[in-house]
Each structure stands twice: as C-alpha cells, then as structure tokens.
Amino acid sequence: MRPKWVVVLLVVSLVGNALELSLYARAEWRSHQESQKFGEWVQSLAVSKNPKVVVKEFEPRMQALEQRKNRWETELQWQDFQQQPDSAIDKAALDSVASIARQKYELLYQSRRALSAVDDPKLRTRMERRWRQQMGIGE
Amino acid sequence: MKQRWLYVLLVLSLAVNAGALGFYGVSKYRDWRRNQRYLSKEFKPGTTWHQLDRLFADLKKSRAPHFDTLHAATREIGLLALEPNPDSARLNAALDRIARATREEHRLMRVPNRAFLGLHRPEKLEFWRNRFKVEYDSILRVDSGTAVQPEEER
C-alpha cells in the first residue's frame, strides 16, 4: 500500500476511535444523569406518596389509616387476579381508598396546625421543612 | 522507520475500532436475547415489548390529569395549613378533590393492570396469583375485621 493511503486510512481510523470514545463518554454521562434523575424522582415520589404527619401525637391515627389503605389496595389488586372480579368489592374498595385519602390529608392538615404547640424550635423547623417538601411548596 | 510506526499505529487503531464495534454488537445482541427470553418465559406467544410499552404509556397518559389534580390539591392544603385563618370551605373542597382524584387514579389502573395480567402465560399467572395470595391472606389476618365493607360504613 502506498504511504498516502496508509495516512488516509489512519486518519479515518483515528477519527473512528475518537467518535467511539466520545459516544462511550456520552452514554456514560447520560446514564449517570439518568440514574441521578431517577434517584431524585424516587425520593420525591416517596415523600409525596407517603406524606408524614408533622406532630408525633398524630402518628397512631396515620398508621391506622395507612393500614386500612394497604388493605383496600391489596383487595383491589386481588380482584385483578380474579377471572370474574366482584364489582361490589371493586366499588367498596375504590370508595374506601378515596375516603382514606381524604382522612389522611385532613389528618396531615391538622398535624400541621398543631405544629405551633411543639416546644423544640429545631424540631419545629425540621418539620416545617418536611411539610413544605411533601406538600410541594417551595421554600 | 517512520513508515513502520505508521503501520503499527494503523493496525492498533483498526483493532480498537473492530474491538469496540464487536463489543457493542455482542452486548446489544445479549440484551436482545435476555429480553426475548424474559418475554417468552412470562408472556403469551406473540406478545411484544411495544405492546407492553403501549400499555404503560396509555396508563401514564390517562392518569396524568388526576396526578395534576392531586398535586394541586395537596399544595393548596399545604398552603391553607400555613394561613392564620384558613377557609374551611376551601379546605373541604381540596379534600374532596383529593378523594375524587385518588378514586379515579385507582379506577383507571384497573384496566391496564388486568390487560397486563391477561398477557401472561396461564402457568405464570397462576404463579403470581399464588404469590400474591400469601400477601393478601397475611393482610387479611392482620386486619381483624375481614368482612368487606366500604370505609364510610365503619
């Protein structure tokens, strides 16, 4: 092969190498960004899907509601596995899930109203921040 | 001498190119094989990834307005709780919106959930059903009042 063609081939091949490297770096960077975004999304979903009462005294009532919610959601999922789902159970479960959601948010609201009675200022500030985060209110 | 180094560099560069392309091809092929194996093991013959993607895309699309309502109502409750004299009518309206959106969200999930389960092979569906039954039974055991009654009647 003549040296001129060797040089052309080498340049093309080196450009190919550079392209592969840049594609690899881009894919790595993208996957890193995506995993970071996914982590943030999971965190925000966990906070917004499981809002917590900001005053301890309300916790037992919230836990009881969570348990009821879990029970009815499982009932709904169980119905999905049935050949002939029971529409009465379906309706009861959907009504219950809706009613529990209402009660949960009412309890959350009451717990925030009761926050001013908490003596510890550090705890109050922390709970205030959590409240804003879980309710989607900016700082 | 200079020419010999040129050849060495060319061979190395071409080898890197071939290696990168080969690695990419093999990993793509392996991914495809793994996905196909999972698809044929779990789902009825003829089920495609496109079908599954479509199912979840439709679900996401139909749930979106209810998610938005839920977020807006949650935010409103959050702000009302911070006010010195909150309007109880506004609070009740936001709570009602949350209840309605939650109900709709759960209701809408039923159709794609059932469609998704319907795509499974019968033996796999039985497997998942039996596994879920263990969880279902344990929840019913914890829940002492096992009679199915709507929440309002309690």
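Predicted model: local features only at pLDDT ≥ 70, side-chain atom pairs only at ≥ 80, totals over all residues.
In secondary structure, chain A has four helices and zero strands, and its pattern along the sequence reads α-α-α-α.

The overall dimensions of chain A can be set against those of a globule. For 139 residues, a compact globule would have a radius of gyration near 14 Å, whereas the value for chain A is 28 Å. Along the principal axes, the C-alpha trace of chain A spans about 85 × 55 × 20 Å. Of the 139 residues in chain A, 21% are buried.

One residue of chain A can be taken as a local example. Thr125(A) is placed in helix 4 of chain A, which runs over residues 121-134. Is Thr125(A) buried or exposed? Thr125(A) counts as exposed because it has 10 C-beta neighbours inside 10 Å, and the exposed class takes residues with 12 or fewer. Leu115(A) is ten residues from Thr125(A) in sequence, and the C-alpha atoms of the two lie 9.8 Å apart.

Chain B has four helices and zero strands, with the pattern α-α-α-α along the sequence. The globule rule gives 15 Å for the 154 residues of chain B, but its radius of gyration is 28 Å, well over that value, so chain B is more spread out than a compact globule. Taken along the principal axes, the C-alpha atoms of chain B fill a box of roughly 90 × 50 × 30 Å. Buried residues account for 12% of the 154 residues in chain B. Among contacts in chain B with a separation of 6 or more, 71% are between residues 24 or more positions apart.

The next topic is how the chains meet. In the interface, 39 residues of chain A are in contact with 41 residues of chain B. On the side of chain A that touches chain B, the elements giving two or more residues are helix 1 (3-49), helix 2 and helix 3 (87-113) of chain A. Which of these helices gives the largest share? Helix 3 of chain A does, with 16 residues. By class, this side of chain A has 21 nonpolar, nine polar and nine charged residues.

One helix pair across the interface can be followed in detail. Two packed helices are described by the angle between their axes and the distance between the axes. Helix 2 of chain A (residues 59-81) packs with helix 3 of chain B (residues 88-118) at an angle of about 35°, and their axes are 9 Å apart. The crossing of helix 2 of chain A and helix 3 of chain B is right-handed. Helix 2 of chain A makes the contact through Leu76(A), Asp80(A) and Phe81(A), and helix 3 of chain B through His106(B), Arg110(B), Asn113(B), Arg114(B) and Leu117(B). Sorted by class, the contact between these two helices has three nonpolar, two polar and three charged residues.

Conventions
Residues numbered from 1 in each chain as written. Chains lettered and ligands numbered in written order. Axes fitted to C-alpha atoms, helices over the stretch in contact; angles between N-to-C directions. Left-handed = near helix turned anticlockwise from the far one by under 90°. Contact = placed C-beta atoms within 7 Å. Nonpolar A, V, L, I, M, F, W, Y, C, P; charged D, E, K, R; others polar. Rg over C-alpha atoms; globule rule 2.2 N^0.38 Å. Buried ≥ 20, exposed ≤ 12 C-beta atoms within 10 Å, placed from the backbone.
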